[in-house]
Amino acid sequence: MEQQSLWEATANERKERQALQGEQHCDAVIIGGGFSGLSTAYHLQRKNCQTIILEKESVGFGASGRNGGEVLTGYIGSMELHAKKKGLEAARQMWQLSLDSIDLIEHIINTHQISCAFRRNGDFHAAYKPSHLDGMKREQEVMERDFDYKKIKVVEKQDLHSELNTPFYHGGRVDESSAHFHPLNYALGLAEAVEEMGGTIYEQSEALSYRKESGKVVVNTNKGRVIAKELVIVTNAYSGDFQKTIKKTIVPVESIMIATEPLSEELCQDLIKHDRAVSDTKNLLYYFRLTADHRLAFGGSGRSSSKRDQENLFNNLRAGMITVFPQLKNAQVDYRWGGKVGFTQEMLPYMGQLEDGSYYAFGFAGHGAAMSSMAGKLIAKNILHEGGGDNPLEKARLRPIPFHSQHAKAVGMMKFYMKFRDRIS
């Protein structure tokens with residue numbers, strides 16, 4: 001069984017990029033070569049703002065190249081809940097931002113003819129319990145009434161076969177605006193677009209430290225440094241000690257995935273009728289979708305820190321896949337991999353500026369395939385002084401999570417509790 005991701009194994013040709021050596025100058029230096037960093041560079045280069053990206057590994061190495069490729073509307077939690085916390089107008093802005101995020105990705109893909117199997121067929125949110133379906137019906141009413149959004153359709157259990165052929169769920173809801181794609185190929189295509197516009201990407205170039213000096217920022221790597229007017233830090237769940245305030249404000253949680261051998265077209269059509277991205281309402285959720293080469297990619301919760309139970313985790317995930325789709329009991333698993341998802345204390349993305357003026361965006365909580373490209377655009381607008389206060393996710397100040405050093409233990413305990421709740425429900 002392959003240990004690399006399906007996306008890496010089926011990626012488009014990858015360009016070789018050099019590591020930073022010596023001293024370089026630019027307008028904005030960006031730490032992180034994932035969706036957010038690439039999008040920031042893309043939107044700055046469009047306005048002739050010279051950028052350099054420093055990537056510790058290679059383009060798309062982190063969550064951008066490891067995620068499930070589900071480009072979803074919304075955020076963790078219902079928009080009704082967000083409206084109660086932030087006010088209806090702010091919640092409406094948040095919802096529109098999530099829709100605009102998918103439009104932005106589609107526009108970039110079409111403009112640059114990025115080959116990444118982008119399909120805007122919507123998503124299906126599967127109800128794990130009958131009461132969850134009742135919540136979906138309320139969500140549909142709230143979205144129509146308060147958000148003027150009419151693209152959500154509830155599917156009763158007796159009609160579930162019209163979406164999924166599974167005995168595991170109690171119906172669900174469709175949102176027509178969502179999409180799915182090959183995430184690594186999108187990242188590689190976006191990187192090429194950045195370079196075509198004059199941006200520079202250095203790989204194997206870990207940013208080790210930075211300092212402000214004479215109104216500029218100096219970023220040091222092992223073999224060189226970049227001097228720039230602006231600094232952007234978009235390392236998300238892969239943040240290390242480069243910026244400790246950001247590190248202490250984000251909790252990395254591991255998610256794992258498997259992918260089957262290629263399946264027949266008939267079986268694919270039987271599993272997921274309309275080729276939608278799928279996720280469910282379990283506390284420790286499953287998420288899955290078909291790929292362009294007719295595999296089922298199936299994901300779930302991984303380890304928080306320890307590697308001792310890695311084999312059991314993947315075996316349990318395969319067992320979960322067969323519970324959802326008994327038709328796959330004899331299907332071989334060809335690929336398995338894992339990656340880190342970034343969460344904030346509010347379970348919402350954070351965007352803004354640090355006290356030293358550095359820009360950041362992180363904590364997409366499983367919705368980064370959609371939201372992180374928009375985050376880059378919003379950072380670019382702020383750098384160019386084009387922001388109009390139209391970002392409801394912008395933070396005035398970052399507050400580190402209390403007892404952050406113990407987050408791995410806390411995440412492990414929380415996962416155990418959520419697993420228990422799923423079993424007894």
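## Cysteines

Cysteine 26 is buried, with a relative accessible area of 9%. Its sulfur has its closest cysteine sulfur in cysteine 49, at 8.2 Å. That is too far for a bond, because a disulfide needs the two sulfur atoms within 2.5 Å. Cysteine 49 is buried as well, with a relative accessible area of 9%. For cysteine 49, the closest cysteine sulfur is that of cysteine 26. Across the whole structure, the search finds zero disulfides. The model is a predicted one.

## The eight-stranded sheet

An open sheet of eight strands runs in the order S5-S6-S4-S13-S14-S15-S12-S16. Its pairing is mixed. Strand S5 (152–155) and strand S16 (333–343) stand at the edges. Each has a single partner strand, so one side of each lacks a neighbour in the sheet. On average, neighbouring strands are turned by 20° against each other, direction ignored.

S5 pairs with strand S6 (residues 172–175) in the antiparallel sense, over four bridges. Lysine 153 stands opposite valine 174 in S6. Helix H9 (residues 310–324) packs on the sheet. H9 touches strand S12 (251–260), strand S14 (287–290), strand S15 (296–301) and S16. The direction of H9 makes about 60° with that of S12.

## Nonpolar cores

The largest nonpolar core has 68 residues. Phe181 and Tyr186 have the most contacts inside this core. H4 gives the most to the core, with ten residues.

Which residues does tyrosine 186 contact, leaving aside its neighbours within four places in sequence? Tyrosine 186 is in contact with Phe35, Ile105, Ile108, Ile109, Ile114, Cys116, Phe181 and Ser373.

## Salt bridges

Side chains of opposite charge can pair when their charged atoms come close. In this model, the count comes to 26 salt bridges. One of them joins the side chains of arginine 17 and glutamate 203, at 3.5 Å from N to O. The pair links distant parts of the chain, 186 residues apart. Arginine 17 lies in the loop between helix H1 (6–9) and strand S1 (22–31). Glutamate 203 lies in the loop between strand S8 (200–202) and strand S9 (209–213). Are arginine 17 and glutamate 203 buried or exposed? Both are buried.

Arginine 120 and aspartate 103 form another salt bridge, at 2.8 Å from N to O. This pair also links distant parts of the chain, 17 residues apart. Arginine 120 is in the loop between helix H4 (88–112) and strand S4 (123–126), while aspartate 103 is in helix H4. Arginine 120 counts as partly exposed, at 25% relative accessibility. Aspartate 103 is partly exposed too, with a relative accessible area of 40%.

## A further pair and a network

Arginine 211 and glutamate 213 meet through their side chains in a salt bridge, at 3.0 Å from N to O. Arginine 211 counts as partly exposed, at 34% relative accessibility. Glutamate 213 is also partly exposed, at 37%. Salt bridges that share partners join Lys15, Arg17, Glu195 and Glu203 into one network.

Definitions and conventions: Residues numbered from 1 in each chain as written. Predicted model: local features only at pLDDT ≥ 70, side-chain atom pairs only at ≥ 80, totals over all residues. Heavy atoms only, no water. Salt bridge = Lys/Arg side-chain N within 4 Å of Asp/Glu carboxyl O. Helix = DSSP H or I, 4+ residues; strand = E, 2+ residues; numbered from the N terminus. Buried < 20%, exposed > 50% of the residue type's maximum accessible area, 1.4 Å probe, protein only. Core = buried A, V, L, I, M, F, W, Y, C linked by side-chain atoms within 4.5 Å. Contact = heavy atoms within 4.5 Å. Pairing = 2+ DSSP bridges. Axes fitted to C-alpha atoms, helices over the stretch in contact; angles between N-to-C directions.
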